[in-house]
Amino acid sequence: MYKCYKCGEVIKDTQKLEGLVRCPRCGFRIMYKLRQPAVRRIKAL
Ligand SMILES: [Zn+2]
């Protein structure tokens with residue numbers, strides 16, 4: 001997931017063009033990388 005630096009649009013489906021990700025809303029290229037909430041299971045004995 002990416003969040004646009006400019007307009008704050010959150011893009012789930014990223015269209016990667018040679019490693020570049022564009023905001024479909026404003027076309028801005030600089031984005032935050034958002035980490036998906038990782039579900040980690042910790043082994044509990
Ligand atoms: Zn944008």
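Leaving aside neighbours within four places in sequence, Lys3 is in contact with Gly8, Glu9, Val10, Met31, Tyr32 and Leu34, where contact means heavy atoms within 4.5 Å. Lys3 lies in strand β1; strands (E, at least two residues) and helices (H or I, at least four) are DSSP runs, numbered from the N terminus. The C-alpha atoms of Lys3 and Lys33 are 6.5 Å apart in space, although 30 residues separate Lys3 from Lys33 in sequence. With a relative accessible area of 33%, Lys3 is partly exposed; buried means under 20% relative accessible area, exposed over 50%, and partly exposed in between (1.4 Å probe, protein chains only).

The structure is a predicted model, in which local features need pLDDT of at least 70 and side-chain atom pairs count only at pLDDT 80 or more, whereas totals for chains, interfaces and linings use all residues. Residues are numbered from 1 along each chain as its sequence is written, and side-chain values use heavy atoms, with hydrogens and water left out.

The protein has five strands and zero helices, and its elements run β-β-β-β-β from the N terminus on. Of the 45 residues in the protein, 13% are buried. Among the contacts with a separation of 6 or more, 35% are made by residues 24 or more positions apart.

A zinc ion is held by four protein donors, Cys4 (SG), Cys7 (SG), Cys23 (SG) and Cys26 (SG), which lie 2.3 Å from the ion. Donors are N, O and S atoms within 2.8 Å of the metal (3.2 Å for Na, K and Ca); water is not among the atoms, so sites may look incomplete. The angles among the four donor atoms are 105 to 116°, and the site of the zinc ion is tetrahedral. Four donors count as tetrahedral if all angles lie between 85 and 135 degrees. Along the chain, the donors of the zinc ion follow the spacing C-x2-C-x15-C-x2-C.

Cys4 is buried, with a relative accessible area of 2%, and Cys23 counts as buried at 4%. Cys7 is partly exposed at 34%, and Cys26 is partly exposed at 36%. A search of the whole structure finds zero disulfides, a disulfide being a pair of cysteine sulfur atoms within 2.5 Å. In general terms, a disulfide is a covalent bond between the sulfur atoms of two cysteines.

Cys4 is found in strand β1. Not counting residues up to four places away in sequence, Cys4 touches Glu9, Ile11, Cys23, Cys26, Phe28, Ile30, Met31 and Tyr32. The C-alpha atoms of Cys4 and Ile30 are separated by 6.5 Å, while the two residues are 26 residues apart along the chain. Arg22 and Cys4 are 8.3 Å apart, C-alpha to C-alpha, and 18 residues apart in sequence. Arg22 is found in the loop between β4 and β5 and is partly exposed, with a relative accessible area of 48%. Beyond its neighbours within four places in sequence, Arg22 is in contact with Gly27, Phe28, Arg29 and Met31.

One salt bridge is found in a search of the whole structure. A salt bridge is a side-chain nitrogen of Lys or Arg within 4 Å of a carboxyl oxygen of Asp or Glu. The salt bridge joins Arg25 to Glu9, with the closest N and O atoms 2.8 Å apart. Because Arg25 lies in the loop between β4 and β5 and Glu9 in the loop between β1 and β2, the pair ties together parts that are 16 residues apart in sequence. Arg25 is exposed, with a relative accessible area of 61%, whereas Glu9 is partly exposed at 24%.

The search of the whole structure also finds one aromatic pair. The ring centres of Tyr5 and Tyr32 are 5.4 Å apart and the planes are at 40°, so the pair is tilted. Rings of Phe, Tyr and Trp (its six-membered ring) pair if their centres lie within 6.5 Å; planes under 30 degrees apart count as stacked, over 60 as edge-to-face and the rest as tilted. The pair links distant parts of the chain, with Tyr5 in the loop between β1 and β2 and Tyr32 in strand β5, 27 residues apart. Tyr32 counts as partly exposed at 43% relative accessibility.

Technical notes. Four donors count as tetrahedral if all angles lie between 85 and 135 degrees; four count as square planar and six as octahedral if opposite donors are over 155 degrees apart and all others between 65 and 115; anything else is irregular.
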